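This report concerns helix geometry, helix packing and aromatic pairing in one protein model. The sequence and structure are shown below.

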Amino acid sequence: MINIITGAVSLGLLWSITALGVFITFRVLDYADMTVDGSIVTGAAITAKMLTAGVHPVIATLAAICGGMAAGTITGLLHTKLKIPAILSGILTQIGLYSVNIKIMAKPNITLLKVKTIFTVFTSSRYSILAGGVLTALAFVTLLNLFLATHFGNAIRATGDNEKMAKAMGIDTELMKICGLALGNGLVAFSGALISQNQGYADISMGRGSIVIGLASVIIGEVLYHKKGMLNKLVSVVVGAVVYRIIIAFVIELGMDPLDLKLFTAVTVTVALSMPRMKNHILAKVKNAKTNKSKRMVLSREENAL
């Protein structure tokens, strides 16, 4: 049981970086970015190719971040310069990345067994992935919180909150969208690099459904930890990613077919998205019931007085 929880938490922390990237585009920038399914593979592909060529894991991982940022930039340019709708621009980039990723790896998958990774370089402990995931998640939560509090970060947030108002304030909203998408997909690619080094291979299909996993982490985190403030929101994303992985681990342990996990994830996201609305509906009913009860009590008193 401890091994299951430890493994789920470790993997959840690695996936939390993807969730943070989705949070930047989906919540901060208010942009439905579908590039994620491709950029996470780009990060894994670049890392795997460079590691097998003997490049240091740190350099390979940094190169993966650059590849993800390039993918996000392309999506941003398609949307801002060519005026292609947000969802379609992400889908077009994602489709193009499939061929690009195949070209990078020169084959559908690359194994990283017996290859030095970022985890084996710094420590050989059995808990190296857990420790590395905790440190990485804390570092990115802190850095993102500091960045989004800067003038540039506030400009990105303003673009997501109200683009017309941001333009009226003199903010270059097109540049903010491009930078936000580059940042988000850079985080996603970094996550892909870590995940591939953790699982020991990079595969062309490993990114399928990543956007749903990222959204599930964001929504679950918001439901469980809905305190105000950017730092709390970033922490909630990490919490959501870890909780999601723990749920998946226990569901598999209980005997669910792994092929049904996508359906389970879709249902989980649907339930999580509908919970705030259901909560408000229940609260409204309770409030109406109390109001009606008070009215009946008043009428009863008036009748007794008569």
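The expected span of a helix is 1.5 Å times one less than its number of residues. In this predicted model, helix 10 (residues 210–224) has 15 residues and reaches 21 Å from its first C-alpha to its last, close to the 21 Å expected. Its buried residues include Ile-211, Ile-213, Val-218, Ile-219 and Ile-220.

Just after helix 9, Gly-200 takes a positive phi of about 85 degrees.

Helix 1 (residues 2–28) packs against helix 11 (residues 230–253) at an angle of about 135 degrees, with the axes 7 Å apart. That angle makes helix 1 oblique to helix 11. The crossing of the two is right-handed, and the residues of the contact divide into 20 nonpolar, two polar and three charged.

Two aromatic pairs are found in a search of the whole structure.

| Pair | Centre to centre | Angle between planes | Class |
|---|---|---|---|
| Phe-140 and Phe-190 | 5.1 Å | 45 degrees | tilted |
| Phe-147 and Phe-152 | 6.2 Å | 50 degrees | tilted |

Phe-140 lies in helix 6 (residues 128–148) and Phe-190 in helix 9, so their pair ties together parts that are 50 residues apart in sequence. Phe-140 is buried, with a relative accessible area of 19%, and Phe-190 counts as buried at 10%. Phe-147 is partly exposed at 27%, and Phe-152 is partly exposed at 35%.

Note on methods
Residues numbered from 1 in each chain as written. Predicted model: local features only at pLDDT ≥ 70, side-chain atom pairs only at ≥ 80, totals over all residues. Heavy atoms only, no water. Helix = DSSP H or I, 4+ residues; strand = E, 2+ residues; numbered from the N terminus. Buried < 20%, exposed > 50% of the residue type's maximum accessible area, 1.4 Å probe, protein only. Axes fitted to C-alpha atoms, helices over the stretch in contact; angles between N-to-C directions. Parallel < 35°, antiparallel > 145°, perpendicular 65-115°, else oblique. Left-handed = near helix turned anticlockwise from the far one by under 90°. Nonpolar A, V, L, I, M, F, W, Y, C, P; charged D, E, K, R; others polar. Phe/Tyr/Trp six-rings, centres within 6.5 Å; stacked < 30°, edge-to-face > 60°.
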